[in-house]
Amino acid sequence: MKTASRRTLPKVLVIHGPNLQLLGQRNPSVYGRVTLSAINRDLQAQARRLGASLTVLQSNHEGGIVDAIGKARGWYDGILINPAAYTHTSVAIRDALEAADLPAVEVHLSNIHARESFRRTSLIAPVVAGQVAGFGANSYTLGLAALIGLLPHHPASAHPGRPKELRSRLRRGRRVVGLTSRRGKR
Ligand code: DQA
């Protein structure tokens, strides 16, 4: 699998789908009062702590999102995506994620499974590693932590593809970039 070069920090592409630029004003009882810029600021800070770099994109256009995913391979190591309304309709975004063949995590502020029936289907879920939904802005930070844990070359990763020595350090519970494996606390 072609991934971004190992020269630099692991790179994550964050994609926010349609209408998410309105966060803070849009249906606060469902989506909360946190703005998209505050979410992005928190993600950048979390990425710095975890030793990753982030590029953030918001688009209201399906084709723009498909283009960004299509170009991600070779440049990014993973994708964090809230496809918003396209979650429920976009075969094109689903296919783009599948073709990119990068670790990806789907996030939603609201619990889409507890809302209208049309929101309970995600066309995206079958092609991503997992979905985090229902925790408001925290869905993004939980999703980013989960994604970084999947990146094969990140020191905090338990991915089987990572170098042997690092894997065994993790198994022994050594502290790696500020994260302590639970085993280390025994
Ligand atoms: C959303 C849920 C979608 O159903 C909706 O269309 C959105 C936001 C969420 O984050 O909860 O725009 O993805």
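The model is predicted. The protein has six helices and five strands, and along the sequence these follow the pattern β-α-α-β-α-β-α-β-β-α-α. Of its 186 residues, 35% are buried.

**Overall fold**

- The pattern read along the sequence is β-α-α-β-α-β-α-β-β-α-α, built from six helices and five strands.
- Among contacts between residues at least 6 apart in sequence, 67% join residues that are at least 24 apart.
- Buried residues account for 35% of the 186 residues in the protein.

**Helix 2 and helix 5**

- Two packed helices are described by the angle between their axes and by the distance between those axes.
- Helix 2 covers residues 36-50 and helix 5 covers residues 138-148; their axes come within 10 Å and cross at roughly 30 degrees.
- Angles under 35 degrees count as roughly parallel, so helix 2 is roughly parallel to helix 5.
- The crossing of helix 2 with helix 5 is right-handed.
- On the helix 2 side, the contact is made by I39, D42, L43, Q46, A47 and L50.
- On the helix 5 side, Y140, T141, L144 and I148 take part.
- By class, the residues of this contact are seven nonpolar, two polar and one charged.

**Helix 3 and helix 4**

- Helix 3 (residues 62-72) and helix 4 (residues 91-100) pack with their axes 8 Å apart, at an angle of about 5 degrees.
- This pair is therefore roughly parallel as well.
- Helix 3 contributes E62, I65, V66, I69, G70 and A72 to the contact.
- Helix 4 contributes A92, I93, A96, L97 and A100.
- The contact of helix 3 with helix 4 has nine nonpolar residues, one polar residue and one charged residue.

**Around the ligand**

- The residues around the ligand are N19, N82, A84, A85, T87, H108, L109, S110, I112 and R119.
- This shell divides into four nonpolar, five polar and one charged residues.
- One of the residues in the shell is A84, which is also listed under the next topic for its backbone angle.

- Most residues other than glycine have a negative phi.
- A84 is not a glycine, yet its phi is positive, near 50 degrees.
- A84 sits in the loop between strand 3 (78-82) and helix 4.
- A84 has 20 other C-beta atoms within 10 Å; a residue is buried if that count is 20 or more, so A84 is buried.
- D101 is not a glycine either, and its phi is positive at about 55 degrees.
- The loop that holds D101 runs between helix 4 and strand 4 (104-108).
- D101 has 13 C-beta neighbours inside 10 Å and therefore counts as partly exposed.

- P126 lies in the loop between strand 4 and strand 5 (130-133).
- P126 counts as exposed because it has 9 C-beta neighbours inside 10 Å, and the cut-off for exposed is 12 or fewer.
- P126 and E98 are 28 residues apart in sequence.
- In space, P126 and E98 are 9.1 Å apart, C-alpha to C-alpha.

Definitions and conventions: Residues numbered from 1 in each chain as written. Predicted model: local features only at pLDDT ≥ 70, side-chain atom pairs only at ≥ 80, totals over all residues. Axes fitted to C-alpha atoms, helices over the stretch in contact; angles between N-to-C directions. Helix = DSSP H or I, 4+ residues; strand = E, 2+ residues; numbered from the N terminus. Parallel < 35°, antiparallel > 145°, perpendicular 65-115°, else oblique. Left-handed = near helix turned anticlockwise from the far one by under 90°. Contact = placed C-beta atoms within 7 Å. Nonpolar A, V, L, I, M, F, W, Y, C, P; charged D, E, K, R; others polar. Near = placed C-beta within 6 Å.
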